[in-house]
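User: I would like a close look at a single part of this protein, followed by an account of how the rest of the chain is built. Please take it step by step.

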Amino acid sequence: MRILVANVNTTQSMTDTIAAQARQVAAAGTEIIGLTPRFGADSCEGNFESYLAAIGVMDTVLSYEGPYDAVIQAGYGEHGREGLQELLDVPVVDITEAAASTAMFLGHKYSVVTTLDRTVPLIEDRLRLAGLDARCASVRASGLAVLELEEDPDRAIEAIVEQSLLAVTEDKAEVIVLGCGGMAGLDEQIRHRASVPVVDGVAAAVTIAESLVRMGLSTSKVRTYATPRAKTITGWPLAVADATAAP
């Protein structure tokens, strides 16, 4: 089985971290291929970057040469999963939905701990759209930018633990979800400190994708995610864009 794990930003080191975490939980015989978009922002922390990432991920997946059995979109709260489901015949798993749905097996309510406060509404909206918000106790921001997770991992863990403990004591969460692909691999340390189950979206997505492939299941094509109608798509694939040129 081969699973493509697509980072939503263009930071290669983060793709490597995400892929490494995916390989740790993948079953024997599952090959993990990490993909980095050829255009986009070096981190996704707002709507512009998220919509740009959606196009970048679709582009990099469609550009991949070779067979694969499933695709994981490794960005928490990002747009684009629906487009991939229309374009592909294999299962598509988004780490936002994978982590939240997994958390609901482990406790009555879960809280998401993410990066900057500005990402909180995006995550709330994605959970609501997926029908996963009813059992979400809160979405809390650690105050760290995405790239700071790699630059200062010790500070990142402390900030995530602090918000996790507040989620448990103040929001009555029973499970913590890591709300950023860049937090991949931090779950064990945070679980030890917070004393509650901690769900890493990348790990959850890999196990769900493997299960779907083994059961021979994929996206329904009868209506919502039907293959796009044949038509002229002007300017596809996109040329490499300079994020600094954004308005």
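In which loop is the place of Pro-37?

Analyst: This is a predicted model, and what follows should be read with that in mind. Pro-37 sits in the loop that runs between strand β2, residues 31-35, and helix α2, residues 47-62. With a relative accessible area of 5%, Pro-37 is buried, the cut-off for that class being under 20%.

The surroundings of Pro-37 come from separate stretches of the sequence. When its neighbours within four places in sequence are left aside, Pro-37 is in contact with Asn-7, Val-8, Asn-9 and Thr-10, and also with Gly-56, Val-57 and Thr-60.

The secondary structure of the protein chain comes to nine helices and eight strands. Its radius of gyration is 17 Å, close to the 18 Å that the globule rule gives for 247 residues, so the chain is as compact as a globular protein of that length. Along the principal axes, the C-alpha trace spans about 55 × 45 × 30 Å. Of the 247 residues, 50% count as buried, and Pro-37, at 5% relative accessible area, is one of the buried residues. Among contacts between residues at least 6 apart in sequence, 72% join residues that are at least 24 apart. The chain exposes about 11400 Å², of which carbon and sulfur atoms supply 52%.

Side chains of opposite charge can pair when their charged atoms come close. The structure holds 11 salt bridges, and a few of them can be described individually.

One of these joins Arg-193 and Glu-158, with 3.0 Å from N to O. Arg-193 belongs to helix α8 (residues 187-194) and Glu-158 to helix α7 (residues 153-169), so this pair ties together parts that are 35 residues apart in sequence. Both ends are partly exposed, Arg-193 at 38% relative accessibility and Glu-158 at 42%.

Helix α8 also holds a pair of its own, since Asp-187 and Arg-191 are four residues apart in that helix and are therefore separated by about one helical turn. Their side chains meet in a salt bridge at 3.4 Å, N to O. The two ends fall into separate classes of accessibility: Asp-187 counts as buried at 13%, whereas Arg-191 is partly exposed, with a relative accessible area of 33%.

A further salt bridge links Glu-148 with Arg-155, where the closest N and O atoms are 2.8 Å apart. Glu-148 counts as partly exposed at 22% relative accessibility, and Arg-155 is likewise partly exposed, with a relative accessible area of 42%. Elsewhere, Arg-81, Glu-82, Glu-97 and Arg-126 are linked in a network of salt bridges.

To return to the part you asked about, Pro-37 lies in the loop between β2 and α2, where its contacts include Val-8 and Val-57.

Note on methods: Residues numbered from 1 in each chain as written. Predicted model: local features only at pLDDT ≥ 70, side-chain atom pairs only at ≥ 80, totals over all residues. Heavy atoms only, no water. Helix = DSSP H or I, 4+ residues; strand = E, 2+ residues; numbered from the N terminus. Rg over C-alpha atoms; globule rule 2.2 N^0.38 Å. Buried < 20%, exposed > 50% of the residue type's maximum accessible area, 1.4 Å probe, protein only. Contact = heavy atoms within 4.5 Å. Areas by Shrake-Rupley, 256 points an atom, 1.4 Å probe, with all protein chains shown as cover. Salt bridge = Lys/Arg side-chain N within 4 Å of Asp/Glu carboxyl O.
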